[in-house]
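Let's take a friendly walk through this structure together. Keep the sequence and the 3D view side by side as you read.

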Amino acid sequence: MCLSRQAKTRLVNDKVRAAKSQEHALALKSIWIDVDVGKPGAYPTIKEALAELNKFRRAVGLPPPSAVVASGGGLHVYFISDRELTRDEWQPYAEGLKAAALKHGLLCDAGCTADAARVLRVPGTDNLKIPGQPRPVKLLRLGQEDYDFATDLAALPSMSISSNALKATAPALPGAPLAAFAGLAPARLGGGIEHKEIKVDLDLVAPGCGFIREALVF
């Protein structure tokens, strides 16, 4: 499901569907983290991922997550607001959570956290990313209360500001690489690079890739 209410719709197979985009996100009810499990560069087990998640939130000063979902390939972790947030209200908390995850080395898809039109899996469905191997999507935890972000998650926006400020004030590296290309004609920059046309049958890729399947349908 898309985690934001969208301003625009479109017709898909004669049915009205949301035209998902970050630009047209009207309201959001949570911030989230997509934690990786069981693949290279990820946590080996759900148990270890949950343990590292708890270490992370304590280090950052976050309350327990409102909901945790086993997605069939990892964990979807939600901090749910007690009211709808506009995208402008939501963005600093999402960017702060992303910055905190990167700073503390949490193994997750950090880009997913700040995507206002992100689609995540619904408990009670199956993850069909691997053909022939359906993996159930399960709700592992559902808290009793939603959070007042302004008080309960107050530390997050400042983490985003600190991260952006650090990038803005970072000193230039000595011997900037761009200097090596000064004065070169564009044609010389591509010298010796060969381009080979590779054709891919998307119908063969679609069973193992949800993004391609959705693109072919839409």
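**A hairpin to start with**

Strands β5 and β6 form a hairpin with three residues between them, and Gly72 in the turn has a positive phi of about 90°. What you are viewing is a predicted model, in which local features need pLDDT of at least 70 and side-chain atom pairs count only at pLDDT 80 or more, while totals for chains, interfaces and linings use all residues. Residues are numbered from 1 along each chain as its sequence is written, and side-chain values use heavy atoms, with hydrogens and water left out. The names of helices (H or I, at least four residues) and strands (E, at least two) come from DSSP runs numbered from the N terminus.

**The sheet**

- Strands of a sheet pair through backbone hydrogen bonds, either parallel or antiparallel.
- Here, five strands form an open sheet in the order β1-β4-β6-β5-β9, and the pairing is antiparallel; two strands count as paired if DSSP finds at least two bridges between them.
- β1 (4–6) and β9 (138–142) stand at the edges with a single partner strand each, so one side of each is left without a neighbour in the sheet.
- From one strand to the next, the twist averages 30°; axes are lines fitted to C-alpha atoms, for helices over the stretch in contact, and angles run from 0 to 180 degrees between N-to-C directions.

**Who pairs with whom**

- β1 pairs with β4 (residues 25–36) in the antiparallel sense over three bridges, and Gln6 has Ala25 in β4 as its bridge partner.
- β4 and β6 are joined in the antiparallel sense by eight bridges, with Gly74 in β6 as the bridge partner of Asp36.
- Four bridges link β5 and β6, again in the antiparallel sense, and Ala70 stands opposite Leu75 in β6.
- β6 is mostly covered, as nine of its twelve residues are buried; buried means under 20% relative accessible area, exposed over 50%, and partly exposed in between (1.4 Å probe, protein chains only).

**Helix α1**

- Helix α1 (residues 46–60) packs on the sheet, touching β4, β5 (67–70), β6 (74–85) and β9, and its direction makes about 40° with that of β6; contact means heavy atoms within 4.5 Å.
- Its buried residues include Ala49, Leu53, Phe56, Arg57 and Val60 of α1.
- These residues cover an arc of only 90° around the axis, which puts them on the same side of α1; the arc is that of the directions from the helix axis to the C-beta atoms.
- Lys47, Lys55, Arg58 and Ala59 are exposed on the other side of α1.
- Just after α1, Gly61 takes a positive phi of about 85°.

**Helix α2**

- α2 has 17 residues and reaches 24 Å from its first C-alpha to its last, close to the 24 Å expected at 1.5 Å a residue; the expected span is 1.5 Å times one less than the number of residues.
- Among the buried residues of α2 are Trp90, Tyr93, Ala94 and Leu97.

**The nonpolar core**

- In soluble globular proteins, nonpolar side chains tend to be buried together.
- Which residues touch the most other members of the largest nonpolar core? They are Ile31 and Phe56, in a core of 40 residues.
- Such a core is a set of buried Ala, Val, Leu, Ile, Met, Phe, Trp, Tyr and Cys residues joined through side-chain atoms within 4.5 Å.
- Not counting residues up to four places away in sequence, Ile31 touches residues including Trp90, Tyr93, Ala94 and Leu97.
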